[in-house]
Amino acid sequence: MSRLCWLLLLVAAPLWAAEPQLKVQAQLVPGNNVVVGEQVQLQVDVLTDTWFTAAASLPPLQLPGARVQAPDSESEHVNQVLEGKTFYGMRYRYRITPSVAQTFNIPALTVQAQPGQASAPLNAQTAALSFQATQPPGFEPGETVLVADGLRLTQAVTTTPLKVGDTLTRTLTLQADNTPGLSLPPPDQAQVKGLRRYPQSPVIGNLDDGRGNITGGQRIDRQVYRVEQPGHYQLPAISVKWWDSRNHRLQLTRVPEISIEVQAATAYTPTFSITEDLKQLGQHSWQLSRHGMAWSAALVVLVLAAYLMHGLWPRIPPLWRRGYEALRWRFRRLRLLPLNPRREKDFP
């Protein structure tokens with residue numbers, strides 16, 4: 001029995017000692033011939049015959065004349081049979097969008113990964129690749145080329161009655177399939193006499209299928225105008241020229257012009273009439289003046305009466321004292337307290 005165990009150990013020892021394998025493969029999708037503005041994917045498959053203990057480490061890629069989006073957390077599980085042996089791994093994607101017509105050379109990329117049962121991280125290299133970007137028909141050299149599988153352009157505008165001083169907002173939404181949002185060009189910003197335009201920042205983002213896979217891009221632009229003069233205005237039609245990568249032809253998507261009518265600003269009518277207030281204020285002033293004249297006349301009469309009654313003045317103090325004593329007696333009977341606390345002793 002012991003001899004059999006030793007024999008099995010000797011047979012299995014080379015299998016245990018063998019290091020796991022790491023293989024990488026790269027290919028261009030849809031191919032090595034594209035047009036300017038069309039996105040090409042560099043797919044990198046990282047494979048091993050065991051398993052991975054962590055995500056693979058991919059190097060950065062820079063290509064002059066093209067925008068390169070490095071692989072993100074999005075990846076795809078793949079299985080392949082190579083030389084009669086099953087390999088397991090992940091597929092990563094570099095998204096490349098050429099902006100000039102030329103040949104692009106992609107160097108060999110060194111990928112590092114840690115397969116299970118490996119004593120240390122392993123490295124492997126992809127093969128060097130190249131692709132050719134050409135200018136599509138209908139676009140001048142240096143002209144921005146929008147390439148998409150499909151494109152939609154819609155608009156919305158405020159429809160409330162407009163007067164001088166109001167603002168008008170025209171919202172344009174551009175959506176493209178299989179094209180990132182950063183590749184979408186801005187719409188035409190036409191100047192309209194009598195309308196002052198205020199620039200707004202666009203809202204740019206990507207579209208997905210709900211599972212995290214990017215399916216296209218979206219750009220929302222808002223054109224805000226302030227009405228300065230009454231009259232009839234026409235916001236011009238807006239067109240977007242693009243290359244249909246699915247049907248390989250030039251396309252033109254357009255939204256129609258918009259006609260608006262602007263009325264003159266109505267005269268402001270205050271809630272309270274200032275003229276009426278001033279009129280009433282004048283009437284009150286006249287009434288106050290009449291009251292003042294009446295009091296002045298009464299004062300003159302009193303002065304004249306006092307002057308005529310000067311001979312009766314010596315008799316007034318005794319009459320005042322008798323009236324005061326009578327008033328004190330009446331307060332004492334009614335048990336009323338004085339208003340002046342310093343004279344409380346006068347009313348026990």
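Modeller: Start with the largest pocket. Its lining has 9 nonpolar, 8 polar and 2 charged residues. Keep in mind that this is a predicted model.

Biologist: How many residues line the largest pocket, and which lie nearest its centre?

Modeller: The lining counts 19 residues. Val36, Pro98, Ser99, Thr144 and Val145 lie nearest the centre. The pocket has a volume of about 270 Å³.

Biologist: What makes the other space a cavity and not a pocket?

Modeller: A 1.4 Å probe fits in a cavity but cannot get out, whereas a pocket is an open set. The search of the whole structure finds 1 cavity of 30 Å³ or more. The largest cavity has a volume of about 50 Å³.

Biologist: Which residues line the largest cavity?

Modeller: The lining is made of Leu153, Leu172, Thr173, Leu174, Pro185, Pro187, Arg219, Asp221 and Val240. Both β14 (167–177) and β17 (214–227) give two or more residues. The largest share, 3 residues, comes from β14.

Biologist: How does that lining divide by class?

Modeller: There are 6 nonpolar, 1 polar and 2 charged residues. Arg219 and Asp221 are in the lining. Asp and Arg count as charged, so these two belong to that class.

Biologist: Now Arg95. Why is Arg95 called buried?

Modeller: Its relative accessible area is 9%. Buried means under 20%, so Arg95 is buried. Arg95 sits in strand β6. Leaving aside residues up to four places away in sequence, Arg95 touches Gln39, Val40, Gln41, Arg67, Val68, Gln69 and Glu74.

Biologist: And why does Pro60 count as exposed?

Modeller: Pro60 has 73% relative accessibility. The cut-off for exposed is over 50%, so Pro60 passes. Pro60 is in the loop between β3 and β4 (66–69). From Pro60 to Pro71 it is 11 residues in sequence and 9.2 Å in space, C-alpha to C-alpha.

Biologist: What makes strand β3 mostly covered?

Modeller: In β3 (residues 40–48), 9 of its 9 residues are buried. Both faces are covered. Val40, Leu42, Val44, Val46 and Thr48 are on one side. Gln41, Gln43, Asp45 and Leu47 are on the other.

Biologist: How do you know that β3 pairs with β1 and with β6?

Modeller: Count the bridges. Two strands pair if there are at least two bridges between them. β1 (residues 22–29) and β3 have 8 bridges, so they pair, and the sense is antiparallel. β3 and β6 (residues 85–98) have 9 bridges, so they pair too, again antiparallel. Leu28 stands opposite Leu42 in β3. Val46 stands opposite Met90 in β6.

Biologist: What holds paired strands together in general?

Modeller: Strands of a sheet pair through backbone hydrogen bonds, either parallel or antiparallel.

Biologist: How many bridges join β7 to β10?

Modeller: There are 5 bridges between β7 and β10 (residues 129–134), and the two strands run antiparallel. At least two are needed, so the two strands pair.

Methods:
Residues are numbered from 1 along each chain as its sequence is written. This is a predicted model: local features need pLDDT of at least 70, side-chain atom pairs count only at pLDDT 80 or more; totals for chains, interfaces and linings use all residues. Side-chain values use heavy atoms; hydrogens and water are left out. Buried means under 20% relative accessible area, exposed over 50%, partly exposed in between (1.4 Å probe, protein chains only). Helices (H or I, at least four residues) and strands (E, at least two) are DSSP runs, numbered from the N terminus. Contact means heavy atoms within 4.5 Å. On a 1 Å grid over the protein atoms alone, a cavity is a set of points where a 1.4 Å probe fits but cannot get out, and a pocket is an open set with protein on both sides within 12 Å along at least five of seven lines; lining residues have an atom within 4 Å of a point. Grid points are joined across faces, edges and corners, and a volume is the space filled by probe spheres set on the points.
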